[in-house]
Amino acid sequence: MFESQQSPARSEIEYASESADDLRQAVDNHLKYALGKNPKHATLYDWRMSLSLAIRDKIVDPWFKSTQRTYELQHKRVYYLSMEFLIGRLLEDAIVNLGLDERARQALASCGVDYDAVIRDEPDAALGNGGLGRLAACFLESMSTIGCPAYGYGIRYEHGLFRQSFEDGRQIETAETWLTQRHAWEFERPEVAYEIGFGGTVVETRDRALWTPTEAVIASGYDTPIIGWQGRWANTLRLWSAIPTKIFDLEQFNQGNYTAAAEPEALARTISRVLYPDDTTDQGKELRLKQEYFFTAASIRDIVRRFKSECDDIKKLPERVAIQLNDTHPAIAGPELTRVLHDENGLAFDVAFELARACLSYTNHTLLPEALERWSEPLMTRILPRHMQIIERIDGLHAKQNPGRPKAVTAMEKGEVKMGELAFICAHKVNGVSALHTDLMKKTVFQKLHNLHPDRIINQTNGVTPRRWLWSCNRPLSHLINETIGDGWVDDLARLDELRPFVDDAAFLDKFAAAKQQNKIRLAYWLQQDWGVSIDPSALFDVQIKRIHEYKRQLMNILETVALWHEIRENPGAEWTPRVKIFGGKAAPGYVVAKEIIHLINDVAKVVNRDPAMKGRLSVVYPANYNVSMAELLIPATDLSEQISTAGKEASGTGNMKFAMNGAPTIGTLDGANVEIRAAVGAENFFLFGMTAEQAEARRDDVDHSRKAISNSPHLSNALKLIGDGVFSPGEPDRYQGLVDLMNNHDYFLVCADFDSYYGKQREVDQVFRDAGAWARMAASNTARVGWFSSDRTIRSYMKEIWNVVPAL
């Protein structure tokens with residue numbers, strides 16, 4: 001094994017002399033003094049908490065040193081505002097980044113404790129749902145690895161999105177319970193608390209306004225240190241929990257009104273209970289807006305407080321503060337920061353707004369107009385009356401500054417506040433997250449604003465952290481890479497390029513295939529143990545894991561599965577490549593079509609898996625409650641990565657990068673970052689199908705496009721007929737008539753139009769997979785050529801092109 005070429009980091013020097021015995025002593029001390037247990041009576045939870053606290057202790061020193069260095073250098077900080085931080089489990093991440101994995105394993109083994117069981121005992125933090133939150137988590141870890149001083153700001157959700165289970169194939173949502181146990185990684189900060197108001201009245205004077213809210217909650221801070229690679233730097237994730245201004249109404253209680261006595265606490269906690277409450281009702285919309293303002297306002301006040309503790313001149317705020325808005329959820333930051341600077345700090349409105357814009361930048365994550373949030377003006381006026389006034393003034397100022405603008409270029413339209421447009425107007429830079437997405441932003445959702453501000457939109461293609469998504473989750477492959485090129489790639493992923501000469505080496509490819517097989521055996525064991533599902537590790541593992549949405553086209557995947565099942569039954573003597581179809585993901589509780597797709601997948605799985613003719617040929621698996629920890633099992637074991645969204649609808653994707661990094665070729669469209677991945681890995685190592693974004697737009701002009709596609713495709717028409725006839729729902733034959741009708745008459749996402757191309761490309765996959773050497777070369781080429789898709793590279797680009805920040809290391 002080659003030695004890393006990096007110079008030793010401070011933490012490596014500090015911890016180099018610390019033995020496994022030293023770590024065991026620290027664990028024993030926490031077991032005794034923090035948990036109140038002795039080893040004889042300690043549970044798995046006790047050991048996990050003791051190890052977590054021992055590891056957390058070792059993060060605190062570099063965390064303090066990072067904060068101290070930032071103050072000493074008067075360094076500019078980045079503040080990353082996001083509704084989601086899908087951080088997953090933190091224990092193994094921290095151990096790995098501190099370089100203590102072998103010592104931690106030895107320390108627990110000396111206590112007779114299974115290290116892997118301890119790692120698995122940690123619940124995933126229920127702080128996100130999908131790519132948006134996982135990107136935020138990758139970015140925080142990369143900022144710590146690079147030494148970019150930063151805070152992440154979000155909400156400390158008690159129950160997250162929801163815990164998914166299946167009942168007769170239907171998705172059932174129950175509350176996540178991750179905080180029923182103590183969260184080992186956070187530090188409660190009761191002194192960091194801000195009163196956040198809603199509603200009320202506004203009294204305006206000539207220079208400023210006085211907003212008097214009628215309702216208020218307290219935003220109370222909880223800090224989690226995020227340690228970077230080799231422990232050289234640590235940043236802070238600060239999450240806000242809502243508590244009442246009046247904890248308990250004793251007078252009501254003593255009068256026997258017990259429910260009313262507890263009502264203030266219950267109403268306040270509602271704000272930080274659940275991620276993305278169903279907003280199909282007026283009450284849901286109000287709660288969503290309150291959530292967004294709650295965490296944004298608390299964060300803005302915290303940022304301004306910290307700045308003023310270091311600098312007396314508020315006009316220098318942009319020199320020390322860069323605020324990144326992760327999607328439209330924190331878009332109210334523009335009006336809020338303007339309000340704080342104007343109403344509370346006495347700056348002229350125009351000056352306040354320009355300072356706010358110089359601090360703010362906005363990342364767009366969607367090309368779906370319906371996903372760009374809009375709030376009715378009456379709702380905004382009722383919940384945030386002062387902000388409604390400020391939005392009107394911002395719109396007026398923007399019009400004054402751009403006298404030739406079209407009337408449609410506005411943050412308000414038809415009685416609604418358009419949060420995407422507001423974020424754009426209030427930001428000095430707006431970025432897309434893949435080259436195609438950025439180009440389409442300019443042509444579609446922000447076309448008129450782009451024409452007015454042609455230098456504002458720039459591209460920042462997403463990336464993922466290789467520490468979690470290769471080094472840690474795929475030990476067989478990372479060990480092979482280390483043996484081949486050394487371990488310098490872990491914080492310089494571009495060095496994976498050094499693997500290129502080995503993709504033609506038969507001995508290397510054998511080892512690469514063996515590493516993949518080891519991961520597949522591990523996944524098969526987990527599915528058997530946890531889900532009672534038996535699969536063949538020698539089969540092709542075909543995986544689609546992401547939130548369930550029509551544009552991501554899980555429906556096309558399961559339609560192809562039905563068509564393949566039918567073909568195998570019709571031609572049992574043909575040569576069929578054994579295939580395991582694996583799905584994972586949640587549908588929003590109010591998204592009826594997505595939930596029907598989940599039901600269909602599970603019904604198809606039931607029929608396919610019970611069919612004797614499918615034994616050794618085809619099976620379908622859908623483990624419930626997909627999360628980060630499940631992804632860490634699935635991604636290293638994947639043979640084929642499904643990235644099949646309708647061209648022009650996926651902003652970027654980051655799962656596609658993780659799969660390719662772990663040696664899984666992609667079957668996909670020219671959508672999002674697929675375009676750049678295909679260019680990087682080579683067209684010969686990517687299974688491309690389907691229309692381009694331009695062709696997709698043109699196809700929609702034909703109102704009969706879906707019916708024509710169905711009539712021209714025997715495979716698709718057979719699959720839809722089988723579903724429509726109730727073959728997969730014999731007790732309720734009409735169960736999926738709605739989905740069948742959708743395909744025939746309302747197929748906006750062009751499942752039918754792309755189906756034959758997809759089905760044909762899947763048969764090409766079958767053929768290539770049967771040639772083990774060719775497949776191994778294709779898989780290895782993916783790993784060797786994706787070094788550009790590191791979140792370290794992405795963060796360095798943000799620092800240079802948007803934030804104007806340099807590393808503090």
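**Helix 13**

I began with Glu 354, which forms a salt bridge with Arg 357, the closest N and O atoms being 2.9 Å apart. The model is a predicted one. I placed both residues in helix 13 (residues 349–359), where Glu 354 and Arg 357 are three residues apart, about one turn of the helix.

Glu 354 has 32% relative accessibility and counts as partly exposed. Arg 357 is buried, with a relative accessible area of 10%, because the limit for buried is under 20%.

I listed the buried residues of helix 13: Phe 349, Ala 352, Phe 353, Leu 355, Ala 356, Arg 357 and Cys 359. What covers these buried residues? I noted that the cover includes helix 11 (317–320), strand 10 (321–326), helix 12 (333–344), strand 11 (360–363), helix 15 and helix 16 (419–426).

**Helix 15**

Helix 15 (residues 385–401) has 17 residues and reaches 25 Å from its first C-alpha to its last, close to the 24 Å expected at 1.5 Å a residue. I found these residues buried in helix 15: Pro 385, Arg 386, His 387, Met 388, Ile 390, Ile 391, Ile 394, Asp 395, Leu 397 and His 398.

**Other salt bridges**

I counted 64 salt bridges. I checked Arg 269, whose side chain meets that of Glu 265 in a salt bridge (4.0 Å, N to O). Arg 269 and Glu 265 both belong to helix 9 (residues 258–270), and they are four residues apart, about one turn of the helix. Buried or partly exposed? Arg 269 counts as partly exposed at 27% relative accessibility, and Glu 265 counts as partly exposed at 31%.

I also recorded a salt bridge between the side chains of Glu 498 and Arg 495 (3.0 Å, N to O). Glu 498 is partly exposed, with 33% relative accessibility.

Which residues are linked in a network of salt bridges? I wrote down Asp 542, Glu 560, Arg 579, Lys 581, Glu 642, Arg 763 and Asp 766.

**Leu 618**

Two residues of that network, Arg 579 and Lys 581, turned up again when I looked at Leu 618. Leaving aside neighbours within four places in sequence, I found Leu 618 in contact with Thr 561, Leu 564, Trp 565, Ile 568, Arg 579, Lys 581 and Val 608. Leu 618 lies in strand 19 (residues 618–621) and is buried, with a relative accessible area of 3%. I noted that Leu 618 and Leu 564 are 54 residues apart in sequence and 8.6 Å apart in space, C-alpha to C-alpha.

**Nonpolar cores**

I turned to the largest nonpolar core, which has 149 residues; Ile 55, Met 143, Ile 196, Phe 294, Ile 323, Met 380 and Trp 803 touch the most other members. Helix 10 (residues 282–310) gives the most to this core, with 11 residues. Apart from this core I found another, of 57 residues, among them Trp 471, Phe 508, Leu 523 and Ala 664.

I went back to Trp 803 for its contacts. Leaving aside neighbours within four places in sequence, Trp 803 is in contact with Lys 76, Val 78, Met 143, Cys 148, Ala 322, Gln 324, Ser 361, Ile 795 and Tyr 798.

**Nonpolar residues on the surface**

In soluble globular proteins, nonpolar side chains tend to be buried together. I found a nonpolar patch formed by Ile 243, Ile 247, Phe 248, Leu 250, Phe 253 and Tyr 258, with about 570 Å² of accessible area together. Leu 250 lies in helix 8 (residues 250–254) and counts as partly exposed at 49% relative accessibility, because exposed needs over 50%.

**Loops**

Most residues other than glycine have a negative phi. I looked up two with a positive value. Gln 74 has a phi near 50° and is found in the loop between helix 3 (44–73) and strand 1 (77–81). Arg 553 has a positive phi of about 65° and is found in the loop between strand 17 (540–545) and helix 22 (554–570). Arg 553 counts as buried, at 0% relative accessibility.

My last entry is Thr 654, in the loop between strand 20 (640–643) and helix 25 (655–661). Thr 654 is buried, with a relative accessible area of 9%. Not counting residues up to four places away in sequence, I found that Thr 654 touches Gly 131, Leu 135, Asn 462, Gly 463 and Val 464.

Terms used: Residues are numbered from 1 along each chain as its sequence is written. This is a predicted model: local features need pLDDT of at least 70, side-chain atom pairs count only at pLDDT 80 or more; totals for chains, interfaces and linings use all residues. Side-chain values use heavy atoms; hydrogens and water are left out. Buried means under 20% relative accessible area, exposed over 50%, partly exposed in between (1.4 Å probe, protein chains only). Contact means heavy atoms within 4.5 Å. Patches are made of residues with over 30% relative accessible area and no salt bridge: like charges are joined within 9 Å, nonpolar side chains (Val, Leu, Ile, Met, Phe, Trp, Tyr) within 5 Å. Accessible areas come from the Shrake-Rupley method with a 1.4 Å probe; for residues, only the protein chains shown count as cover. The expected span of a helix is 1.5 Å times one less than its number of residues. A nonpolar core is a set of buried Ala, Val, Leu, Ile, Met, Phe, Trp, Tyr and Cys residues joined through side-chain atoms within 4.5 Å.
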